[in-house]
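Please work through the following exercises with the sequence and the model side by side.

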Amino acid sequence: SDGTVDSFTMNNGLPNNSIRSIAEDNDGNVWVGTASGVAYITPTHDIKRPDGLAEFDDENLLVQKLYCDTAGRIWLCGSLGGSIYYYSGGKFNRFTGITKLENPVVRSIAQDSKGAFWFGVSPHYAVCIDGTEETVLDVGHGKQPGTVVNSIIQDSHSNIWFGLDSGVAVYHDGGISFFDKSNGLCDNNANKIIEDREGNIWIATDRGGVQKLSTGKFVTVSMDTTVNAICEDTTRSCIWLGCDKGLFCYDYLKSSFIENDFTNFCANIRIRHVGLTKDGSLLVSSYGKYGQILIQADGKISYWNKEKGLSGDMTRVSTFCSDGKL
């Protein structure tokens, strides 16, 4: 934080200068996974080698992934089958919870919002361990013979994203969707995926740079009139638009305009404001012969202008239907 830079290499205790993964635990130790073993750097910058891996003759393993879970445990995934460990009780212990795939090689690990663990298993599988329940998903995509799961995240909508070497797979609503170069991905090798605070998904690729998938795309509805007011009507599933050329009704489910007795009643009248009351009636403020217009939920239209004062004239129209007709 004071701007100084410290370097950690084999000269002061790291097992290898080829760094493959890092993670910080709840005590502020920074774990460093290398091409020939793992170490951790304490908050006082001491380098230490953890215990446990020698029992499995795996202390010089090539580290694929380090991950700190919600309980503060450090997980370590090596390059060999079955090289999956978690640090607990002062040493690494082998994890044997993946039983449906033989000799699993894990390249990535993450937890979802419920605490379940997700493992990316070569060649093209995602394994979810939720307590005693084990679920295996085939996230393979395209004609590539093997798919490596490089990255796993859960977004703010509870979708699970997998960065693959053949595109991106998204697990949602019980099914899997895919992105690759054929439908907009800049490169099929997705190395890393994150979500930012606005809900945008960022994908770091091998040869295509960085790509952002945004849920906030603009949708333009072209009109040949000035739009002065907008009112969402969730009861009728439409958007009311107060315009210089009248009142317009836009069905946002069908992405089309609807013409009805309400829009005909206000045709070619400048509408300055549109608002919805608590009982579902529509208030339309016009610059024309009808003055202030009230469209009730049952289809009755009343209006008040200078000539009629508050007495108004009442016009009865039929009920508004969900298909936009009257």
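A residue is called buried when its relative accessible area is under 20%, exposed when it is over 50%, and partly exposed in between, as found with a 1.4 Å probe and the protein chains only. The model is predicted, so that local features need pLDDT of at least 70 and side-chain atom pairs count only at pLDDT 80 or more, while totals for chains, interfaces and linings use all residues. Residues are numbered from 1 along each chain as its sequence is written, and side-chain values use heavy atoms, with hydrogens and water left out.

**Exercise 1. Backbone angles in loops**

Find where Ser 237 lies, and decide which accessibility class it belongs to.

Solution. Start with the secondary structure, in which helices (H or I, at least four residues) and strands (E, at least two) are DSSP runs, numbered from the N terminus. Ser 237 sits in the loop that joins S20 and S21. Its phi is near 55°, which is a positive value in a residue other than glycine. With 22% relative accessibility, Ser 237 counts as partly exposed.

Now take Asp 173, which is found in the loop between S15 and strand S16 (175–179). Asp 173 also is not a glycine, and it has a positive phi of about 55°. Its relative accessibility is 80%, and therefore Asp 173 counts as exposed.

Finally, look at the loop between strand S10 (117–122) and S11, where Pro 123 is placed. The peptide bond that leads from Ser 122 to Pro 123 is cis, with omega near 5°.

**Exercise 2. A nonpolar core**

Identify the residues with the most contacts inside the largest nonpolar core.

Solution. A nonpolar core is a set of buried Ala, Val, Leu, Ile, Met, Phe, Trp, Tyr and Cys residues joined through side-chain atoms within 4.5 Å. The largest one has 20 residues, and those with the most contacts inside it are Trp 240, Leu 247, Val 274, Leu 282, Ile 293 and Ile 295. Another core, of 14 residues, lies apart from it and includes Cys 77, Ile 84, Val 121 and Val 127.

Next, follow Leu 247, remembering that contact means heavy atoms within 4.5 Å. When neighbours within four places in sequence are left aside, its contacts include Trp 240, Phe 262, Val 274, Leu 282 and Ile 295.

**Exercise 3. The surroundings of Arg 107**

Describe where Arg 107 lies, and state which residues it is in contact with.

Solution. Arg 107 belongs to strand S9 and is partly exposed, with a relative accessible area of 27%. Leaving aside neighbours within four places in sequence, Arg 107 is in contact with Gln 64, Lys 65, Gly 120, Ser 122, Val 148, Val 149 and Asn 150.
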